[in-house]
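Visitor: I am new to reading protein models, and I would like a close look at a single part of this one. Could you walk me through the strands and what surrounds them?

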Amino acid sequence: MNSQNLMDRPAHRIASILAVSALALGLAACGKTEEPTVGQRLDSAVEKTEQAAADARVKAESAMQTAETKMEQGAANAEAKAKDAANTAKGAIDDATITAQVNAGLAKDPDLSALKINVDTVNGKVTLNGPAPSTVARDRAETIAKSVTGVTSVNNQLVVTAS
């Protein structure tokens, strides 16, 4: 038995050493995290880049949509302001035209042409100020003013003065 024990001992010893070594390697491997390979790192970087590009695309599309909406609103506001300005200018031109036409009509009348009659027009409303030689001439001045296209009303403040 002694000779059998001697033979089993080195084999037993080798088996024990191998078992302990395998156990040590196994424990060492469990404690380590695997380093990613170059390919894995590259794949990860590509994935992150693609995600960042997708996020940037979404943000850019959103910003473009916002800018487009603001431009459309700005254009609409500018158009409305231009129309308002045109209407205001048209109103001013119309008032000036009305005043000129009333003055021309008064100048054609023999009783009113020599008199200083002030004609003011605001939004089609004509105001007559100054002297009139008679009530008939005063009324005729109002009739002349009312006959002009665009006049909406006449405020006759002419004062009859004795000559």
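Guide: Let's start with strands S2 and S3, which pair in the parallel sense over eight bridges. Two strands count as paired if DSSP finds at least two bridges between them. The names come from DSSP runs, numbered from the N terminus: helices are H or I runs of at least four residues, and strands are E runs of at least two. To get from S2 to S3 the chain passes through helix H3, and this β-α-β crossover is right-handed. Right-handed here means that, with the strands pointing away from the viewer, the path from the first strand over the helix to the second runs clockwise.

Before going further, a word on where this comes from. This is a predicted model, in which local features need pLDDT of at least 70 and side-chain atom pairs count only at pLDDT 80 or more, while totals for chains, interfaces and linings use all residues. Residues are numbered from 1 along each chain as its sequence is written, and side-chain values use heavy atoms, with hydrogens and water left out.

Now find Thr127, which stands opposite Asn155 in S3. Thr127 is also the bridge partner, in S2, of Asp120. Val126 has a bridge partner in S3 as well, namely Val154. On its other pairing, S2 meets S1 in the antiparallel sense over five bridges. The hairpin of S1 and S2 has two residues between the strands, and Asn123 takes a positive phi near 55 degrees there.

As you trace the strands, keep one general idea in mind: in a regular strand the side chains alternate between the two faces of the sheet.

Next, look at Asn156, which has its place in strand S3. Asn156 counts as buried because its relative accessibility is 11%; buried means under 20% relative accessible area, exposed means over 50%, and partly exposed lies in between (1.4 Å probe, protein chains only). Leaving out residues up to four places away in sequence, Asn156 touches Leu128, Arg138 and Glu142, where contact means heavy atoms within 4.5 Å. With Glu142 there is a polar contact between the two side chains, at 3.2 Å. A polar contact is a pair of N or O atoms within 3.5 Å; within protein, one must be able to donate a hydrogen and the other to accept it, and residues adjacent in sequence count only if both atoms are side-chain atoms.

Glu142 has another partner: its side chain meets that of Lys146 in a salt bridge (3.2 Å, N to O). A salt bridge is a side-chain nitrogen of Lys or Arg within 4 Å of a carboxyl oxygen of Asp or Glu. Glu142 and Lys146 are about one helical turn apart because four residues separate them in helix H3. Lys146 counts as exposed, at 51% relative accessibility.

Asp109 counts as buried at 9% relative accessibility, whereas Arg140 is partly exposed at 26%. Together with Asp111, Asp109 and Arg140 are linked in a network of salt bridges.

What lies in the nonpolar surroundings? A nonpolar core is a set of buried Ala, Val, Leu, Ile, Met, Phe, Trp, Tyr and Cys residues joined through side-chain atoms within 4.5 Å. The largest one has 17 residues, and those touching the most other members are Val102, Leu106, Leu112, Ile117, Val119, Val126 and Leu128. Helix H2 (38-108), strand S2 (125-132), helix H3 (135-146) and strand S3 (153-160) each give two or more residues to this core. H3 supplies the largest share, four residues. Take Val119 as an example: not counting residues up to four places away in sequence, Val119 touches Thr99, Val102, Asn103, Leu106, Val126, Thr127 and Leu128.

Finally, follow the chain to Thr161, in the segment after S3. Thr161 is partly exposed, with a relative accessible area of 38%. Its contacts, again not counting residues up to four places away in sequence, are Pro131, Ala132 and Pro133. The C-alpha atoms of Thr161 and Thr135 are separated by 9.2 Å, although these residues are 26 residues apart along the chain.
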